[in-house]
Amino acid sequence: KDDSLMFAKLFLDHPRAVNEGYFEHARFALGFSLLLTVAAFAALVHALIPAIFEKTASTLVRRLYEKTKERVQ
């Protein structure tokens, strides 16, 4: 397969599908990853101490869903 086609498939096709450039998409995905990490930590703490972070993980997941539900795939 042609190298430029492979490059586009790996790095450009998906960002273009959601109307973003590569770096714009990378920034969005990294922010998404950070919020998921915070949500996972909150859920872990909540599992051990139920009175802490009672709604944090679900609130963050809901926020992430709201940010992504309108994106085109």
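**The aromatic pairs in their setting**

Tutor: The chain exposes about 5,800 Å², of which carbon and sulfur atoms supply 65%; accessible areas come from the Shrake-Rupley method with a 1.4 Å probe, and for residues only the protein chains shown count as cover. This is a predicted model, in which local features need pLDDT of at least 70 and side-chain atom pairs count only at pLDDT 80 or more, while totals for chains, interfaces and linings use all residues. Residues are numbered from 1 along each chain as its sequence is written, and side-chain values use heavy atoms, with hydrogens and water left out.

The average pLDDT of the chain (the predictor's confidence in each residue, from 0 to 100) is 94, and 96% of the residues score at least 70. Confidence is lowest in helix 1, with a mean of 93, and highest in helix 2, at 97.

The secondary structure consists of three helices and zero strands, in the order α-α-α along the sequence. Helices (H or I, at least four residues) and strands (E, at least two) are DSSP runs numbered from the N terminus. The chain is more spread out than a compact globule, because its radius of gyration is 17 Å, well over the 11 Å that the globule rule gives for 73 residues; the radius is taken over C-alpha atoms, and the rule is 2.2 Å times the number of residues to the power 0.38. The C-alpha trace spans about 55 × 25 × 15 Å along its principal axes.

Now to the rings. Rings of Phe, Tyr and Trp (its six-membered ring) pair if their centres lie within 6.5 Å; planes under 30 degrees apart count as stacked, over 60 as edge-to-face and the rest as tilted. In one of them, Phe11 and Tyr22 have ring centres 6.1 Å apart and planes at 70°, so the pair is edge-to-face. This pair links distant parts of the chain, 11 residues apart: Phe11 lies in helix 1 (residues 3-17) and Tyr22 in helix 2 (residues 22-48). Tyr22 also pairs with Phe23; with centres 5.1 Å apart and planes at 85°, that pair is likewise edge-to-face. Ring pairs join Phe7, Phe11, Tyr22 and Phe23 into a cluster.

How covered are these rings' residues? Buried means under 20% relative accessible area, exposed over 50%, and partly exposed in between (1.4 Å probe, protein chains only). Phe11, at 35%, is partly exposed, as is Tyr22, at 39%, whereas Phe23 is exposed at 68%.

Helix 2 also holds His25, which is buried at 15% relative accessibility. Apart from residues up to four places away in sequence, His25 is in contact (heavy atoms within 4.5 Å) with His14, Pro15, Val18, Glu20 and Arg71.

Elsewhere, the largest nonpolar core comprises five residues: Leu35, Ala39, Ala57, Leu60 and Leu64. Such a core is a set of buried Ala, Val, Leu, Ile, Met, Phe, Trp, Tyr and Cys residues joined through side-chain atoms within 4.5 Å. Helix 2 and helix 3 (56-68) each supply at least two of its residues, and helix 3 gives the most, with three. Beyond its neighbours within four places in sequence, Ala39 touches Ala57 and Leu60. Across the 73 residues of the chain, 16% are buried.
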